[in-house]
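Trainee: I would like to learn how to read aromatic pairs, cavities and cores in a model. Can we work through one together?

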Amino acid sequence: MTSRKIDFAKDAFAFVEAIENADTPEALLGEMHRALGVFGFENFVITSLPRPGQSMRKAILIHHLPDQWFELYTRKSYADHDPVIRHCRQTVKPFEWGEAPFDADSDPGAVEVMRRARDYRMEQGFCVPIHGINGYDACISLSGKEVDLSPRTKPAIHLMALYAFDRGRQISGGTLPDTLLSPREREVLAHSAQGLSAPAIAQRLGITERTVTAHVANACQKLDAANKTQAVARALHYRYISL
């Protein structure tokens with residue numbers, strides 16, 4: 001182990017101790033700039049993952065972003081197209097922004113989000129998904145123009161981000177909403193997306209057809225969908241389910 005690796009570990013634990021004394025969002029962001037700025041990070045977001053139709057303004061707990069970018073992101077509902085947000089719903093592993101998949105030809109909205117982010121010095125980023133035991137979906141996302149993301153630095157950054165998220169949630173007093181769809185509702189919609197009928201889904205899951213219908217109805221209400229087909233489409237769009 002090199003001395004530089006030891007320094008990363010020491011810096012991470014020093015940050016964890018320092019943020020225990022941060023009792024305001026401004027104080028926490030100051031510590032994050034001091035410690036995570038070493039790796040090139042300039043912008044920080046601690047947020048729940050927005051529900052369909054929910055404004056990003058209501059989902060975010062703490063952030064330090066360029067004002068113009070935040071206004072643009074919320075005004076144009078970029079959260080609906082952001083591949084980083086989408087990927088957060090599908091993984092528990094931290095990832096670089098460039099690892100969030102999207103198809104440039106069929107998803108011009110994602111292309112626009114990532115292109116415009118670069119206009120505000122957010123060319124590289126690192127995201128840590130947070131899936132709580134109570135069912136909430138959230139993340140902490142860090143970005144900058146040129147950041148140091150290597151096998152040596154990522155473990156320290158991951159640790160610091162996790163503690164920053166936890167401290168940020170405590171400081172903000174914000175509550176993170178439960179996941180929009182229950183695991184069973186997701187399961188029923190996923191089978192529906194594969195073309196299975198209600199009786200077939202009931203047989204596969206070992207539940208009654210009436211229960212399947214109830215799960216579909218609940219999912220429609222939560223997704224503001226007029227019918228099962230629209231609910232499946234919206235669940236796929238927001239990455240609550242996948243094919």
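Mentor: We will take ring pairs, then cavities, then nonpolar cores. Keep in mind that this is a predicted model.

Trainee: How many aromatic pairs are there, and what describes a pair?

Mentor: A pair of aromatic rings is described by the distance of the centres and the angle of the planes. The count here is five aromatic pairs. Among them is the pair of Trp69 and Tyr120, with 5.7 Å centre to centre and 45° between the planes. That makes the pair tilted.

Trainee: Which parts does the pair of Trp69 and Tyr120 tie together?

Mentor: Trp69 sits in helix α4, residues 67–75. Tyr120 sits in the loop between α6 (108–118) and β4 (124–131), so the pair ties together parts that are 51 residues apart in sequence. Trp69 and Tyr120 are buried.

Trainee: What geometry do Tyr73 and Tyr78 show, and are they buried or exposed?

Mentor: Tyr73 and Tyr78 pair edge-to-face. Their centres are 5.8 Å apart, and the angle between the planes is 85°. Both residues are buried. Ring pairs also link Trp69, Tyr73, Tyr78 and Tyr120 into a cluster.

Trainee: Now the cavities. How many are there of 30 Å³ or more?

Mentor: Rolling a probe the size of a water molecule over the atoms shows where empty space is left. In this structure there are two cavities of 30 Å³ or more. The largest cavity holds about 270 Å³ of space. Its lining has 22 residues, and the closest to its centre are Val45, Tyr73, Asp82, Trp97 and Ser141.

Trainee: Which elements line the largest cavity, and what classes of residue are there?

Mentor: Two or more lining residues come from each of β1 (43–48), α4, α5 (83–88), α6 and β5 (137–144). β1 gives the most, with four residues. By class, the lining has 17 nonpolar, four polar and one charged residues.

Trainee: Last, the cores. Which residues have the most contacts inside the largest nonpolar core?

Mentor: That core has 30 residues. Those with the most contacts inside it are Leu28, Met32, Leu36, Phe41, Ile140, Leu142 and Ile157. At least two residues each come from α1 (3–19), α2 (25–36), β1, β4, β5 and α7 (154–172). α7 gives the most to this core, with seven residues.

Trainee: What does Leu36 touch, leaving aside its neighbours within four places in sequence?

Mentor: Leu36 is then in contact with Glu31, Phe41, Phe44, Leu142, Ile157 and Met160.

How values were computed
Residues numbered from 1 in each chain as written. Predicted model: local features only at pLDDT ≥ 70, side-chain atom pairs only at ≥ 80, totals over all residues. Heavy atoms only, no water. Phe/Tyr/Trp six-rings, centres within 6.5 Å; stacked < 30°, edge-to-face > 60°. Buried < 20%, exposed > 50% of the residue type's maximum accessible area, 1.4 Å probe, protein only. 1 Å grid on protein atoms, 1.4 Å probe; cavity = no way out; pocket = protein on both sides within 12 Å on 5 of 7 lines; lining within 4 Å. Points joined across faces, edges and corners; volume = space filled by probe spheres on them. Nonpolar A, V, L, I, M, F, W, Y, C, P; charged D, E, K, R; others polar. Core = buried A, V, L, I, M, F, W, Y, C linked by side-chain atoms within 4.5 Å. Contact = heavy atoms within 4.5 Å.
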